[in-house]
Amino acid sequence: GEALSKKFKELKGMGEKKKVVIVGGGLSGLACAKYLVDAGHEPIVLEGRDVLGGKVSAWKDKDGDWIETGLHIFFGAYPNMMNLFAELDIEDRLQWKVHKMIFAMQELPGEFTTFDFVKGIPAPLNFGLAILLNQKMLTLGEKLQTAPPLIPMLIEGQDFIDEQDELSVLDFMRKYGMPDRINEEVFISMAKALDFIDPDKLSMTVVLTAMNRFLNETDGLQMAFLDGNQPDRLCAPMVDHIKAGGGDVKLKQRVKEFVLNDDGSVKCLKMVSGEEIVADEYVSAVPVDIMKRMMPKQWGTMPFFHQIQELEGIPVINIHLWFDRKLKNVDHLCFSRSPLLSVYADMSTTCKEYYDEEKSMLELVFAPCSPLAGGKTNWIAKSNEEIVEATMKELERLFPLEIGPKSPDGVGAKLLKHAVVKTPRSVYAAIPGRNKYRPSQATPISNFTLAGDWTSQKFLGSMEGAVLAGKLAAEVVTDKAVYGAPTKGLKKIVPDVIAEARKLQE
Ligand code: FAD
């Protein structure tokens with residue numbers, strides 16, 4: 001993280017100053033603009049909506065309560081994100097929680113069990129110890145069966161991890177004789193938290209990547225909540241930095257298409273408004289599904305762009321439930337381990353801006369929400385009322401003493417209101433075999449660069465991945481200005497894609 005940040009400052013003033021138009025004001029587009037300003041360029045971010053942040057966007061409802069696109073957790077093992085917070089001087093906005101993971105117990109409703117990270121024990125031993133110390137989730141035998149298949153990851157590192165991409169989590173477990181209960185106890189909640197999908201759908205590379213990042217750093221798995229809504233508390237300081245450095249960020253600027261020159265390079269951007277925007281360099285920081293839609297015909301048959309057809313976003317639903325009282329809760333993220341839900345948190349306790357001493361506001365991630373993600377029901381197509389009803393049923397089962405008819409007063413906590421935010425296409429579906437299709441930020445088009453959490457970088461579709469991808473895209477543009485070409489070059493494209501693209505060209 002730090003080395004690349006330094007590079008931008010060192011290259012400032014070298015080469016030609018570029019006017020760079022960035023399509024998309026999510027974290028990736030904003031991070032790209034932030035680092036382009038640091039390198040002395042003039043970025044202009046065009047965001048289609050009237051709010052910044054994309055998947056971290058949020059807005060107020062009529063009562064003044066914030067509605068978020070997603071419950072978001074920051075990890076210690078997010079080096080580029082942590083670096084960004086430090087550079088913007090907003091580190092105090094991260095509310096770090098006690099270093100542990102909290103799981104709801106399915107067999108003991110209302111009870112939790114934890115992985116506790118002991119202070120002073122370095123990674124990866126602290127993780128091993130945290131699992132060993134937990135007596136409730138796995139037997140000693142099961143724990144011992146889990147460790148050996150994971151050892152190559154620690155020794156061989158990234159190569160071993162990348163090789164497992166063709167296997168789902170379940171395939172990997174079967175191949176290495178891991179007990180099924182590990183899946184039920186740990187991997188289901190992990191898969192749903194990492195990619196909103198079930199472990200029979202998720203690539204093992206994703207689980208190993210996460211474990212590897214977390215295992216290599218002592219505080220890697222420590223979690224933080226932002227102290228308030230993301231547009232104000234994280235996006236706004238990025239915008240201030242961009243504007244102070246001579247760049248700009250504009251809302252309600254929806255790009256319709258890339259207009260090309262004869263040689264395939266970008267001539268200008270055509271806006272939905274009909275306006276045309278010309279720049280020296282163009283960066284796309286939109287989600288993969290939108291990039292597929294906006295793809296100029298001429299690019300679509302090039303192997304580099306054709307590979308993107310293999311990627312697609314996964315649906316996810318974020319739910320807010322406001323209750324009439326304070327629920328028994330923990331000041332942390334909880335893994336629900338329930339079939340319908342993934343992680344959740346009581347934001348009235350975990351987040352400063354949403355703090356309320358008397359009433360709870362649960363924010364919950366509903367996953368999997370479609371057959372693509374491993375679910376049986378296509379929840380993403382259901383009404384908000386049906387989704388909330390199903391969520392309340394799950395909560396009654398998980399917390400019978402507080403919610404629903406089994407609670408002492410026969411009614412339980414009353415739901416005052418709810419808000420449901422559906423994202424039909426969120427992070428790319430990390431199903432087996434996808435990693436090889438994630439394109440580099442550098443493209444074969446002379447004045448066009450890709451950003452977005454789905455492009456190739458060693459983090460998954462995440463806030464850290466989005467920031468890193470934006471930073472790498474800024475590096476491509478800066479390298480071109482100074483050296484005439486990107487220093488990292490294009491990522492290799494798999495032969496099958498090249499052959500298919502050839503057929504399309506004929
Ligand atoms: P986006 O945020 O999707 O930004 C793309 C932007 O492009 C959007 O603002 C969009 O409006 C804009 N755009 C699209 N088309 C156009 C157009 N034609 N013209 C102009 N603008 C356009 N990550 C974590 O690290 N931790 C978490 O706990 C976590 N939880 C999550 C929970 C949920 C429910 C969701 C949905 C996501 C979660 N994520 C989490 C993932 C994280 O939010 C994303 O990986 C990240 O924010 C993606 O950033 P991005 O900039 O790549 O894309």
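## Exercises on a predicted model

In this predicted model, an oxygen atom of the ligand lies 2.5 Å from an N or O atom in the side chain of Glu 47. Let's start from there.

**Exercise 1.** Work out how helix 2 is oriented relative to helix 10, and sort the residues of their contact by class.

*Solution.* 
- Step 1: The axes of helix 2 (residues 27-38) and helix 10 (residues 230-244) cross at roughly 30° and come within 9 Å.
- Step 2: Angles under 35 degrees count as roughly parallel, so helix 2 is roughly parallel to helix 10.
- Step 3: The crossing is left-handed.
- Step 4: Among the residues that meet are Leu 30 and Val 37 of helix 2, and Met 238 and Ile 242 of helix 10. By class, the contact has 10 nonpolar, 1 polar and 2 charged residues.

**Exercise 2.** Do likewise for helix 2 and helix 3.

*Solution.* 
- Step 1: Helix 3 spans residues 79-87; its axis is 13 Å from that of helix 2, at an angle of about 55°.
- Step 2: That makes helix 2 oblique to helix 3.
- Step 3: Leu 27, Lys 34 and Tyr 35 of helix 2 make the contact with Met 81, Leu 84 and Glu 87 of helix 3.
- Step 4: Sorted by class, this contact has 4 nonpolar, no polar and 2 charged residues.

Note on methods
Residues are numbered from 1 along each chain as its sequence is written. This is a predicted model: local features need pLDDT of at least 70, side-chain atom pairs count only at pLDDT 80 or more; totals for chains, interfaces and linings use all residues. Side-chain values use heavy atoms; hydrogens and water are left out. Axes are lines fitted to C-alpha atoms, for helices over the stretch in contact, and angles run from 0 to 180 degrees between N-to-C directions. Helices (H or I, at least four residues) and strands (E, at least two) are DSSP runs, numbered from the N terminus. Angles under 35 degrees count as roughly parallel, over 145 as roughly antiparallel, 65 to 115 as roughly perpendicular and the rest as oblique. A crossing is left-handed if the near helix is turned anticlockwise from the far one by less than a right angle, and right-handed if clockwise. Contact means heavy atoms within 4.5 Å. Ala, Val, Leu, Ile, Met, Phe, Trp, Tyr, Cys and Pro count as nonpolar, Asp, Glu, Lys and Arg as charged, and the others, Gly among them, as polar. A polar contact is a pair of N or O atoms within 3.5 Å; within protein, one must be able to donate a hydrogen and the other to accept it, and residues adjacent in sequence count only if both atoms are side-chain atoms.
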